[in-house]
Amino acid sequence: MDAKLKYKAKKIKMVFFDIDDTLRVKDTGYMPESIQKVFKALKAKGILTGIASGRARYGVPEDVQNLHADYCVKLNGAYAKDDDKNIIFQAPIPYEVVKRYREWADAVGIHYGMAGRHQAVLSVRNDLVSNTIDHVYADLEVDPDFNEKHDVYQMWTFEDQGDALQLPEDLAEHLRLVRWHDNSSDVVLKGTSKALGVSKVLEHLGLKPENILVFGDELNDLELFDFAGISVAMGVSHPLVQEKADFVTKKVEEDGILYALEELGLIEKELNFPQLELETVEGPKAIIKTNHGQMSLQLFPEQAPKTVANFIGLAKEGYYDGIIFHRIISDFMIQGGDPTGTGMGGQSIYGDSFEDEFSDELYNLRGALSMANAGPNTNGSQFFIVQNARIPYAQKELERGGWPAPIAKSYAENGGTPHLDRRHTVFGQLLDQESFTVLDAIAAVETGAQDKPKEDVVIETIEVID
């Protein structure tokens, strides 16, 4: 993620969410458990939450209502209230405009709907209308004269004309169409949008546009994306929405909202440290067989996918067979993977060198398998295994330096090379005591110039267990 965007995120004091295909999947109603976590985490940090939706209050699913957002902007910005149901803003469509819209729709054979504060109705019910609206508002009544007794905040078209449908000139002076379905457009007041409703909430709170972040996925989010300090499009968003967004996150099913907020630093990442929980880790393993014994390792493709793929690919093609550990420094590490045996060679499966993959979940602990390099993003075939068992730091010192407490504890108790974190990609970890015994034995061999063993320590082969 762009560093400038992370800097902008420091000004965020409120987050607004669309509902359909943002908080939940429109077609299935699925809402990930991570959404509950998001709302609790934002509240704990003092960041306000809001819903900005084309839906009315009576069309908001119960699981979304139970999130208790601080503010809700409904009906595409025509209505806004707080969680105590105090009205912040409302902009009903003038009676004469609604009446003229009904006359035009009847004249051209278009079915329609009308949404008030507490109820929505249809002009007729047929298969096209039902298939379009029922997954948003179920069991709406038919009442084409609804506007005679109720304010109308939004209307709909029900037709098969798509974007070819245009309002007549006199209506276009007051209304606009926002397509949300193959067979329907929202019909809203010109100048009314989610951005307008959100702006009224901000005025009420004394906030500025730069203080809000918005999530959305459809065309009725475009104005809001222009208005907000930061805009995030979901992974299934309309192409125009993605183009306008500051950041495109993952889909709802992939915890896209949680992912974006973690990347922006608005929510602390929930980290796992697989090096400390090896008995629970699944995935590929490797056995480095040497003339001094063998070392078993757990690999971490989830955190370092490209690096693990490179190591596995080279191992399976026999690239490492017969290569020596060319650099060994006791109480530091053992390094190999260079077919020239000089520390100057080696090539990745990608041909050229490839980029670092630093993870907040992996560290250069004692027994870590890490990539050797000649500077940032210069990974090839060379790797090292951290052997150091002593470090001159206490756990509290490491924690003050920014290391997570469990990692700081492991460093302090077992050793490692914390100064190499964020400089070398960690992608594996020794699995058992036998492997550590072999590691220490190799580290203790006699070395000469440039820390090269006087007698070769040979990698006979590397076996991969997928």
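How many Å should the 12 residues of helix α7 span at 1.5 Å a residue? Keep that in mind as you open this predicted model.

**Stop 1: helix α7.** Select residues 194–205. The helix should span 16 Å, and its end C-alpha atoms are 17 Å apart, which agrees. Now colour the buried residues of α7: Lys194, Ala195, Gly197, Val198, Ser199, Val201 and Leu202. As you look along the helix, remember a general rule: an α-helix has 3.6 residues a turn, so residues three or four places apart point the same way. Then step on to glycine 206, which follows α7 and has a positive phi, near 75°.

**Stop 2: the largest nonpolar core.** Select Phe17, Leu213 and Phe215, the residues that touch the most other members of this 35-residue core. Zoom in on phenylalanine 215: among the residues it touches are Val15, Phe16, Thr22, Phe225, Val232, Met234 and Leu261.

**Stop 3: a second core.** Select Ile312, Phe325, Phe383 and Ile459, which belong to a separate core of 33 residues.

**Stop 4: serine 353.** Find serine 353 in the loop between β18 (333–336) and β19 (368–371). Is serine 353 buried, exposed or partly exposed? Its relative accessibility is 47%, so serine 353 counts as partly exposed. Beyond its neighbours within four places in sequence, serine 353 is in contact with Asn377, Thr378 and Asn379. Finally, draw a distance from serine 353 to glutamate 253: these residues are 100 apart along the chain, and their C-alpha atoms are separated by 34 Å.

Note on methods:
Residues are numbered from 1 along each chain as its sequence is written. This is a predicted model: local features need pLDDT of at least 70, side-chain atom pairs count only at pLDDT 80 or more; totals for chains, interfaces and linings use all residues. Side-chain values use heavy atoms; hydrogens and water are left out. Helices (H or I, at least four residues) and strands (E, at least two) are DSSP runs, numbered from the N terminus. The expected span of a helix is 1.5 Å times one less than its number of residues. Buried means under 20% relative accessible area, exposed over 50%, partly exposed in between (1.4 Å probe, protein chains only). Contact means heavy atoms within 4.5 Å. A nonpolar core is a set of buried Ala, Val, Leu, Ile, Met, Phe, Trp, Tyr and Cys residues joined through side-chain atoms within 4.5 Å.
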